[in-house]
Amino acid sequence: MSTGKMILPRTGIGIDVHAYAADEEPRPLWLGGLHWDGERGLAGHSDADPVAHAAADALFSAAGIGDLGTHFGTDRPEFAGASGVTLLAEAARIVRAAGFEIGNVAVQFVANRPKFGPRRQESQDALSAAAGAPVSVTATTSDGLGFAGRGEGISAVATALVYPSQPTGIG
Ligand SMILES: Nc1ccn([C@@H]2O[C@H](COP(=O)(O)O)[C@@H](O)[C@H]2O)c(=O)n1
Ligand SMILES: C[C@@]1(CO)OP(=O)(O)OP(=O)(O)OC[C@H]1O
């Protein structure tokens, strides 16, 4: 007999944007959980990895427990310079503690460079290990249009699917 309880998945979305660091204050580029040698870095309180941040934001969104700023505010000195991989792992821990399992996360970033394809698997492996669930990463240019086309910054958008650890609902 049915108990009327179900496991309903929930989707979430996250967007993150970081501007390139000023020439006077150069930073390393961290993108998709990887360091990109010789590439211009992004400005931010943490390591400014928009792929990892968008993934974490999508997880919080799917669980309905706020967003990146809710959990890792820029007023928290312990997150200064924090790696995106660390933030994503912590986000996954918080989401699981809130009673959810993670199905998957998909992220796409918009940037002319670095050329991502050759390091896609490495990035996906790093982020999937952090999340404890599959994280796929894709890249696109914007055909030279907009702030990505002008080389002003990098944006990323992510979706996530989570589901309750225990059946919920009527019954
Ligand atoms: N930084 C990037 C951007 C794109 N790619 C790959 O190039 C292909 C074509 O991209 P479009 O701009 O035409 O969407 C696509 O396969 C992207 O994965 C990349 O490797 N690095
Ligand atoms: C990650 C945090 C905290 O260190 O800082 P930033 O690196 O500036 O990144 P952002 O995507 O603007 O999210 C806000 C903060 O939670």
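Modeller: Happy to! Strands here are DSSP runs of E with at least two residues, numbered from the N terminus. This is a predicted model, and the residue I would pick is Gly-12, which lies in strand β1, residues 10-19. Gly-12 counts as buried because it has 21 C-beta neighbours inside 10 Å, and the cut-off for buried is 20 or more.

Who are its neighbours? Leaving aside residues up to four places away in sequence, Gly-12 touches Ala-58, Leu-59, Phe-60, Ser-61, Ala-62, Thr-159 and Ala-160. Take Leu-59: it is 47 residues from Gly-12 in sequence, yet the two are 6.2 Å apart in space, C-alpha to C-alpha.

Now the helix: α1 covers residues 50-63. It has 14 residues and reaches 20 Å from its first C-alpha to its last, close to the 20 Å expected. Helix α1 is mostly covered, with 14 of its 14 residues buried. Just after α1, Gly-64 takes a positive phi of about 70°.

On to the strands: β6 spans residues 153-164 and pairs with β1 in the antiparallel sense over 10 bridges. In this pairing, His-18 stands opposite Ile-154 in β6.

Stepping back, the open sheet has 4 strands in the order β1-β6-β4-β5, with mixed pairing. Strands β1 and β5 stand at the edges with a single partner strand each, so one side of each is left without a neighbour in the sheet. From one strand to the next, the twist averages 15°. Elsewhere, helix α4 (residues 120-131) lies across β4 and β5, running at about 140° to β5.

Note on methods. Residues numbered from 1 in each chain as written. Chains lettered and ligands numbered in written order. Predicted model: local features only at pLDDT ≥ 70, side-chain atom pairs only at ≥ 80, totals over all residues. Buried ≥ 20, exposed ≤ 12 C-beta atoms within 10 Å, placed from the backbone. Contact = placed C-beta atoms within 7 Å. Expected span 1.5 Å × (residues − 1). Pairing = 2+ DSSP bridges. Axes fitted to C-alpha atoms, helices over the stretch in contact; angles between N-to-C directions.
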